Amino acid sequence: MAARAQHSGPAANGGGAPALLPLLLLLLSAAAIIPRGDGQNLITEDVTVVEGDVATISCRVKNSDDSVIQLLNPNRQTIYFRDFRPLKDSRFQLVNFSNSELRVSLTNVSISDEGRYFCQLYTDPPQEIYTTITVLVPPRNLVIDIQKEIAVEGEEIELNCTAMASRPATTIRWFKGNKELTGKSEVEQWSDMYTVTSQLLLKVGREDDGVPVICLVDHPAVKDLQTQRYLEVMYKPQVRVSQNYPVQGLTREGEPLELTCAAFGKPQPTDMRWLRVDDEMPQHVVVSGSNLLISNLNKTDNGTYRCEASNAVGKSHADYMLFVYDPPTTIPPPTTTTTTTTTIPTTITDSRAGEEGAIRSVDHAVVGGVVAVVVFAMLCLLIILGRYFARHKGTYFTHEAKGADDAADADTAIINAEGGQNNSEEKKEYFI
C-alpha cells in the first residue's frame with residue numbers, strides 16, 4: 001500500500017499514463033497468481049552458479065507475437081517488465097531485451113538468491129514457465145590433522161581431513177604419493193551448509209618417510225582444491241657389509257681381507273661395532289671405524305663376522321661369512337715317453353685373477369697330455385708293424401740245370417737237368 005500511495009500522487013497531479021506503469025506492475029505482481037499455462041511458447045534453462053559469481057536468466061519466446069515478457073523472483077516480485085526494472089535490487093541488470101527474449105544477469109550471487117524464477121508471457125491465456133537457480137558453495141577451509149607429527153616404523157597413525165561449510169556436501173579423497181587410499185567420512189549439516197570430516201588410518205614404514213599424504217576435494221564449485229602433509233618416520237638402521245679387497249675371487253691363505261660396513265637409519269646410527277659370532281675376534285684383526293682389516297689370512301680366521309649398528313629406534317646387523325682357501329698351487333706337468341723320451345711340461349700358475357685362470361691352465365695341460373699319449377701310441381704302432389714284417393719274410397727257389405749249357409744235345413741237357421735238380425742249391429730271397 002505504501003508503494004501504491006507513492007505512485008498515486010503523480011497520477012492525481014496529471015502525471016499521465018507513464019506514471020501509472022509502475023503501479024500497474026506492482027498490482028500485477030501482488031494480484032492473485034495467474035493460472036500457469038503449459039509454457040509451450042516459452043523457453044528457459046536452469047542455472048547453476050558458484051556463490052559470488054554471476055547468474056544469467058533467459059526468458060525466450062519461440063513464436064513472438066509482441067506479447068509482454070516479464071521476469072519474477074521466487075517471491076513473485078517483478079524483476080523486469082519488458083525492459084523496465086521496478087525492483088530496486090541493482091544486482092539485476094538487463095543484458096538483452098527484444099520481442100523474443102528477456103535476458104537478465106544477477107551479480108554477486110548468494111545462497112539467499114537460490115530458488116525458482118518465473119518467466120511470464122501475457123497472452124490469452126497467459127503462459128508461465130520457471131527456471132531454478134542453484135547456488136554452489138565451495139569449502140571455506142581444508143585442514144589435515146595428524147595424530148603424531150613423528151611416527152616410528154610399524155606404527156599406525158590417524159589422519160583427519162576436514163572440509164568446512166560447503167554446499168552440497170564435499171567428497172574427500174586420500175592419496176599417499178600417487179597411490180589412492182580409502183578413508184571413512186562423516187557429514188554434519190549446519191543450516192544449509194555441510195561439514196565433512198574424513199578419517200584415514202595408515203601403517204607407516206621406512207619407505208613412507210618424506211612422502212606426502214594428500215587430502216583432495218571433489219566438489220562441483222571448485223577444482224584442484226587440496227592440502228597435504230609430509231610424513232616423518234623414524235626407523236632402525238639398515239646395515240650392509242661390502243668386501244673391498246680382494247675385489248673378486250677367493251679369500252686365500254696369506255692374502256689380506258678388507259671389509260666395510262655401511263649403515264643408514266633415522267636418526268643416523270650413532271653406535272657401530274664389529275664382532276665375531278660364536279668366537280672371539282682374532283688379535284691380528286684391525287678394526288678402524290666401519291672398516292675391518294686382516295692383513296694375513298689363515299685358516300683360524302674362518303667364521304662369521306658381524307657389523308652391528310644402533311640408533312634411538314633400535315639395533316640391526318649384517319653378517320659376513322669368511323672361508324679361507326688354500327694358497328695358489330702349481331699343477332705337476334704330464335710326461336710322455338716314446339723311443340726317445342719326450343716330456344711336455346705344462347705349469348699352471350695361480351694368480352690373484354682367481355679360479356678362472358687356473359681352470360684355463362688345467363685345460364691346456366690336459367690337452368697337452370692327450371696329444372703326448374696319441375704320439376706315443378702311433379710310435380708304438382709303427383714299431384709293432386716293423387717287427388711283424390721282419391718275422392714274416394718271403395722265400396722262393398730257383399732250379400737251374402747245372403751243365404745244361406754244356407750238353408751236346410737236348411736229351412743230354414734234360415738228363416743233366418733232372419740230375420742236377422736234386423743237387424741244386426736253394427736260393428732264398430728276403431723281403432724287408
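## Close-up views of a predicted chain

View 1. The chain contains four helices and 27 strands, and the model shown is a predicted one. Of the 432 residues in the chain, 34% are buried, while the accessible surface comes to about 26,300 Å², with carbon and sulfur atoms contributing 53% of that area.

**View 2. The open sheet with strand order 10-12-16-15.** Four strands with antiparallel pairing make up this open sheet. Strand 10 (141-146) and strand 15 (184-190) each have a single partner strand and stand at the edges, so one side of each is left without a neighbour in the sheet. Direction ignored, neighbouring strands of this sheet are turned by 15 degrees against each other on average.

**View 3. The pairing of strand 12 with strand 16.** Strand 12, residues 156-166, runs antiparallel to strand 16, residues 193-203, and the two pair over nine bridges. Within this pairing, Cys161 stands opposite Ser198 in strand 16.

**View 4. The open sheet with strand order 14-13-17-18.** This open sheet is again built from four strands, and the pairing is antiparallel. Its edges are strand 14 (179-181) and strand 18 (222-230), each of which has a single partner strand, so that one side of each is left without a neighbour in the sheet. From one strand to the next, the twist averages 30 degrees.

**View 5. The pairing of strand 17 with strand 18.** Seven bridges join strand 17, residues 212-219, to strand 18 in the antiparallel sense, and Val213 stands opposite Arg229 in strand 18.

Conventions: Residues are numbered from 1 along each chain as its sequence is written. This is a predicted model: local features need pLDDT of at least 70, side-chain atom pairs count only at pLDDT 80 or more; totals for chains, interfaces and linings use all residues. Side-chain values use heavy atoms; hydrogens and water are left out. Two strands pair if DSSP finds at least two bridges between them. Axes are lines fitted to C-alpha atoms, for helices over the stretch in contact, and angles run from 0 to 180 degrees between N-to-C directions. Buried means under 20% relative accessible area, exposed over 50%, partly exposed in between (1.4 Å probe, protein chains only). Accessible areas come from the Shrake-Rupley method with a 1.4 Å probe; for residues, only the protein chains shown count as cover.
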